[in-house]
Amino acid sequence: MDFDKNVRPADMERITTESLAKAFIDKEIENVRKQVGDGKVLLALSGGVDSSVVAALLIKAIGRNLVCVHVNHGLLRKGEPEQVVQVFRHEMDANLIYVDAVDRFLDKLAGVADPEEKRKVIGAEFIRVFEEEARKLDGIGFLAQGTIYPDILESNGVKAHHNVGGLPDDLQFELVEPLRFLYKDEVRVVGKALGLPDGMVYRQPFPGPGLGVRCLGAITRDRLECVRESDAILREEFARNGLEGKVWQYFTIVPDFRSTGIRDGRRCFEYPVIIRAVNTKDAMTATVEDIPFSLLSHITERILSEVKGVNRVCYDMTPKPVGTIEWE
């Protein structure tokens, strides 16, 4: 198979319906079986849309000859590692290796405040963990990646999207990239046709470093939990109030400072939580979602009462530009 093409085939139909998705799946299953044969394929399964769809497709193609490695680095949203295990190990019978690397990552990140340095630490440590798991396995000849067409365009044919591009040269894997000519909306249609849950298929954009760039400054475990718990409340309330599919991206941020407040009649110094909710078509510009004040008040009340160590909630009203979508 030719993995170096950087032009989407002209005869490829837009995948907009379940029937087109099923035809695509059948064709790619045939292609994968032809490429891989009886070989084994390794996949870094993050739980994001692209890697999840690749995993589901390859399970149909080669079953347990696909080895999925899910690394929990402690920077995922609430419930995401559990969802990956439930869907792939228990529902799809995937050959899944779960790696609890939370302490390892957070120890490496201790005291690291610069956003770019945090990204480097997270990316490098992920590669090391993934390499260690790869070296424990025998007979792996292929590496699956969730490359999609915009990745190819943006990297001039060289894909560096899932952090595994930095594996040592002696791990001579041949790439398997069944989604490489699809756009994100097409990937979602294929995911639905493969039977993945909506929570995975329509998962909103999530940065590679995860909550590491939403726990501003040097990451601490208490602030990381503030981010995780407040984010879960925000997502739950958006889903209940019909905003889940309407707003492009929404999340919470916890900065590295405390403010004064009053709790139980006593002065307290606790963290603020900042809510960010934006809409965009291309991520180059973004507008702020006009959330009803009553809903904001309810979310605020829940965060203040349910998230330990928080005494303020703020709403970020900044469009892009001047602000970016993420804070770091």
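Me: Why is glutamate 289 called buried?

Reply: Its relative accessible area is 7%, and buried means under 20% (exposed is over 50%, partly exposed lies in between; 1.4 Å probe, protein chains only). Glutamate 289 is therefore buried. The model is predicted: local features need pLDDT of at least 70, side-chain atom pairs count only at pLDDT 80 or more, and totals for chains, interfaces and linings use all residues. Residues are numbered from 1 along each chain as its sequence is written, and side-chain values use heavy atoms, without hydrogens and water.

Me: Where does glutamate 289 lie, and which residues does it touch?

Reply: Glutamate 289 is in the loop between strand 9 (287–288) and helix 10 (293–306); helices (H or I, at least four residues) and strands (E, at least two) are DSSP runs, numbered from the N terminus. Leaving out residues up to four places away in sequence, glutamate 289 touches residues including Leu243, Lys246 and Tyr315, where contact means heavy atoms within 4.5 Å.

Me: What makes the pairing of the side chains of glutamate 289 and asparagine 279 a polar contact?

Reply: The two side chains are joined at 2.6 Å. A polar contact is a pair of N or O atoms within 3.5 Å; within protein, one must be able to donate a hydrogen and the other to accept it, and residues adjacent in sequence count only if both atoms are side-chain atoms.

Me: How do you know whether arginine 203 is buried or exposed?

Reply: Arginine 203 has a relative accessible area of 14%, so it is buried. The residue lies in the loop between helix 8 (198–201) and helix 9 (221–240). Its side chain makes a polar contact of 3.2 Å with the side chain of glutamate 80.

Me: Why are helix 1 and helix 7 called roughly perpendicular?

Reply: Helix 1 and helix 7 (residues 184–193) pack at about 85°, with their axes 9 Å apart. Axes are lines fitted to C-alpha atoms, for helices over the stretch in contact, and angles run from 0 to 180 degrees between N-to-C directions. Roughly perpendicular covers 65 to 115 degrees, whereas under 35 is roughly parallel, over 145 roughly antiparallel, and the rest oblique. The two helices are therefore roughly perpendicular. The helix 1 side of this contact includes Glu18 and Phe24, and the helix 7 side includes Val189.

Me: What makes helix 1 oblique to helix 2?

Reply: Helix 1 (residues 18–36) and helix 2 (residues 49–62) pack at about 60°, with axes 9 Å apart. That angle makes helix 1 oblique to helix 2. Among the residues that meet are Phe24 and Val32 in helix 1 and Leu57 and Ile62 in helix 2.
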